[in-house]
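Me: I've got a structure open and would like to talk it through. Can we start with the sheet?

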Amino acid sequence: MIDVYLKTNRPISLTSIICKLLEGIIRDNIINHLKDNKLLSTKQFGFLKGRSTTLQLLKILDDWTEILESGDLIDVVYTDFQKAFDTVPHRRMLTKLEAYGINGNLLEWIRSFLTNRKQRVKIKGRTSSWSDVISGVPQGSVLGPILFVIYINDIIDNLNCDAYLYADDMKVYTRVSNDTDRARLQTDVDAVVEWTDKWLLKLNISKCKVVTIGRDTDSRQYPYWIMQNNTLHALATSTGERDLGVTVDSNLNFDMHIQEIVNKANKILGVIKRSFKYLDYTTLALLYKAMVRSHLEYAQMYGALIS
């Protein structure tokens with residue numbers, strides 16, 4: 001049994017060093033099995049060696065630039081899952097693992113790792129009673145992220161439009177030449193909702209957004225919908241959406257993103273200035289490298305291509 005505590009409303013697993021070492025060995029072997037048998041989606045970039053947020057952004061930028069140069073629009077649906085890592089049902093998780101060829105002693109070890117867990121809340125030294133954990137991949141563990149990647153791996157298998165994943169961050173988009181293209185994207189949104197109903201992951205509809213990219217987007221907005229609890233919900237439209245740390249706007253010129261990064265860097269520099277009475281060049285350089293430069297350099301290759 002592994003104790004799980006709730007910190008800042010998020011369950012975090014506290015596991016020993018030996019357990020983490022064993023998890024790492026099992027994770028590496030699972031990934032090798034999935035790669036050798038080509039079971040992982042090529043559109044998933046989360047928690048996988050050799051893939052990153054920047055690589056996904058570069059791939060998508062290449063697609064979007066080609067579409068815009070042809071004179072078409074792009075409709076992008078950004079989805080948001082509600083507590084995705086915490087709501088994965090253990091039984092369905094084990095079923096998927098078995099379907100991917102993970103069985104025998106390894107499957108039983110993972111079953112033991114996931115099941116018979118308990119959690120409690122600790123606030124100011126006082127703790128609640130223990131409660132059984134019947135869902136979720138253990139956050140804070142080594143094995144948890146790859147288990148989630150496996151669970152969500154097939155969500156885009158039957159989509160007609162382009163889609164990309166970074167763990168639970170998913171976007172579906174299409175080239176828009178006419179309303180038929182948009183209807184195809186709506187069909188894919190319906191397919192995603194059907195998948196979430198089947199596998200018991202819930203979309204946070206208020207955070208699912210639609211961004212139309214291209215010229216004259218205001219006059220050509222198209223309504224997209226999600227059916228949840230027998231109720232039809234219209235997806236909100238946005239002129240700019242945060243995409244893996246980069247703000248994508250409807251003009252694809254990234255002025256909004258650049259301004260946000262500049263403002264954030266200036267705020268951090270202001271905090272540094274107010275926090276130190278005496279600040280020589282060496283100390284300022286160390287603080288700048290530790291606290292500011294990472295924000296400016298994130299996705300630098302991406303920024304070089306769009307400038």
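Me: How many bridges join strand 7 to strand 8?
Reply: Five, and the two strands run antiparallel. Strand 8 covers residues 169–176. Strands here are DSSP E runs of at least two residues, helices are H or I runs of at least four, and both are numbered from the N terminus. Strands count as paired if DSSP finds at least two bridges between them.

Me: What stands opposite Lys171 in strand 8?
Reply: Tyr164.

Me: Where do these numbers come from?
Reply: This is a predicted model, where local features need pLDDT of at least 70, side-chain atom pairs count only at pLDDT 80 or more, and totals for chains, interfaces and linings use all residues. Residues are numbered from 1 along each chain as its sequence is written, and side-chain values use heavy atoms, with hydrogens and water left out.

Me: New topic. Why is helix 5 called largely enclosed?
Reply: Because nine of its nine residues are buried. Buried means under 20% relative accessible area, with a 1.4 Å probe and protein chains only.

Me: What covers the buried residues of helix 5?
Reply: The cover includes helix 1, helix 3, helix 4, strand 7 and helix 6. Contact means heavy atoms within 4.5 Å.

Me: Which residues touch the most other members of the largest nonpolar core?
Reply: Met93, Leu97, Ile110, Ile150 and Ile155, out of 53 residues. Helix 5 gives this core its largest share, seven residues. A nonpolar core is a set of buried Ala, Val, Leu, Ile, Met, Phe, Trp, Tyr and Cys residues joined through side-chain atoms within 4.5 Å.

Me: Last one. At what angle do helix 7 and helix 8 pack?
Reply: About 145 degrees, with their axes 11 Å apart. Ile268, Leu269 and Ile272 in helix 7 meet Leu284, Leu287, Tyr288 and Met291 in helix 8.

Notes
Axes fitted to C-alpha atoms, helices over the stretch in contact; angles between N-to-C directions. Buried < 20%, exposed > 50% of the residue type's maximum accessible area, 1.4 Å probe, protein only.
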